[in-house]
Each structure stands twice: as C-alpha cells, then as structure tokens.
Amino acid sequence: MLFSAKSSAFARVTLFMSVGVLFFFRWSQVGSVDYVNPVTTSDWLAVVSFSAALFSVAVALPVYAALTEGKSTYRISLVPAMGLTVASAANLIEDGLGWSGAFWPYVLSSIVYVPGLIALTIVLARKKRGLGRISAVVPAGTLLGLVFFESWGGPILLVSWFAAALLALFMRNALVNNY
C-alpha cells in the first residue's frame with residue numbers, strides 16, 4: 001500500500017497550510033519590492049512566490065472540493081483552478097519575463113476564477129447542511145484575499161487555508177454530507 005489514509009490526510013493538511021503560508025509570505029513583501037520590473041533577488045522572489053501561490057490554490061481547490069464528496073462541487077472547483085493556473089503562468093511571463101502581452105491572459109483568467117470561486121462558495125453554502133456549510137468559508141476567503149491582496153489579502157488567505165486544514169482534520173463528517 002503506497003499511501004495510507006493518515007498520510008493522505010497529512011498531505012492535504014500540508015498542502016492547505018502551504019497555500020496560506022505562501023500567500024502570507026508574498027503579502028509581507030508588498031511594499032518593498034518592484035515586481036513589475038524585477039531586478040534584485042527580492043523582486044524576483046516576489047514574482048515567483050506570487051505565481052507559486054496562485055498555482056498552489058489551483059492545486060488545492062479541487063483537493064478541498066473532493067473532501068466534500070460532491071461531484072458537482074469538484075467539477076465547479078476545476079473552473080477557478082483552471083483560471084488560477086493561467087493567472088499563475090501569465091503573472092510569471094508578464095512580470096518575470098517582462099512580456100506585456102501576458103497582461104490580457106491574466107485579466108481573462110480573473111474573469112474565469114472570480115465567478116468560479118463565487119459559484120463554489122454558493123454551492124457549498126447552499127447544498128451542505130449544518131456545520132458543513134462552514135466549508136464555504138474557504139473559497140469565499142480565497143476570493144476576498146485575492147481581490148484585496150494588497151491590503152489584507154495575505155492574512156485573509158492564511159486564515160482561510162488554515163481553516164481548510166482544520167476542516168480537513170477535524171470536521172471530516174461535516175464536510176462529507178450527502179446532498
């Protein structure tokens with residue numbers, strides 16, 4: 001047996017916590033770097049860490065949605081995951097490599113992931129019962145953290161994804177309700 005139930009739970013918790021830590025780390029650099037024209041090592045670190053953080057959410061959202069064991073929830077999570085993957089690549093190309101043509105794919109990707117996160121939040125809030133509705137906090141917090149990233153996005157995303165880790169650990173029965 002390659003993975004036990006405990007190791008896969010540990011992997012999920014580690015993934016969710018890593019998402020929050022990556023965004024918080026990147027947010028803590030907001031005023032001190034030039035990520036549009038990276039020159040110094042810290043500038044490059046800002047570009048790469050933001051792209052990595054966006055990609056980590058793209059990976060973590062479907063994993064989180066799969067915990068609910070709802071096929072529609074999982075499928076809906078793939079929409080913002082796709083948008084965030086494109087945003088991650090476009091950010092790396094635009095800010096990291098200096099190709100301004102990647103600005104429009106970044107904008108278009110936000111047109112995909114913002115409504116996708118809203119839909120995922122609504123589905124989790126409406127279809128879950130009891131404590132399971134609290135699972136909607138993670139995509140809602142992710143959306144708020146991304147929209148308000150420059151001001152309070154790092155702490156919002158840190159709390160949201162640590163909440164995902166706690167939900168994955170302690171509220172498995174609340175997440176897995178039959179629709």
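**Entry 1: contacts along the chain.** I looked up how far apart in sequence the contacting residues lie, a contact being heavy atoms within 4.5 Å. In the protein chain, 68% of the contacts with a separation of 6 or more join residues 24 or more positions apart. I note that this is a predicted model, in which local features need pLDDT of at least 70, side-chain atom pairs count only at pLDDT 80 or more, and totals for chains, interfaces and linings use all residues. Residues are numbered from 1 along each chain as its sequence is written, and side-chain values use heavy atoms, with hydrogens and water left out.

**Entry 2: elements and surface.** I counted seven helices and zero strands in the protein chain, taking helices (H or I, at least four residues) and strands (E, at least two) as DSSP runs numbered from the N terminus. The order from the N terminus is α-α-α-α-α-α-α. Of the 179 residues, 42% count as buried; buried means under 20% relative accessible area, exposed over 50%, and partly exposed in between, with a 1.4 Å probe and protein chains only. The chain exposes about 9200 Å², of which carbon and sulfur atoms supply 73%, by the Shrake-Rupley method with a 1.4 Å probe.

**Entry 3: Ala102.** I located Ala102 in the loop between helix 3 (71-97) and helix 4 (103-127). Ala102 counts as buried because its relative accessibility is 3%. Leaving aside residues up to four places away in sequence, Ala102 touches Ala90, Ile93 and Glu94. I also looked up Ala89, which is 13 residues from Ala102 in sequence and 8.7 Å from it in space, C-alpha to C-alpha.

**Entry 4: the largest pocket.** I looked up the largest pocket, which holds about 330 Å³ of space. A pocket is an open set of points on a 1 Å grid over the protein atoms alone, where a 1.4 Å probe fits, with protein on both sides within 12 Å along at least five of seven lines; lining residues have an atom within 4 Å of a point. The volume is the space filled by probe spheres set on the points, which are joined across faces, edges and corners. Of the 17 lining residues, the closest to the centre are Phe50, Asn91, Tyr106, Phe149 and Glu150. Two or more lining residues come from each of helix 2 (41-66), helix 3, helix 4, helix 5 (137-147) and helix 6 (149-170). Helix 4 gives the largest share, five residues.

**Entry 5: Val21.** I found Val21 in helix 1 (residues 5-27). Val21 is partly exposed, because its relative accessible area is 44%.
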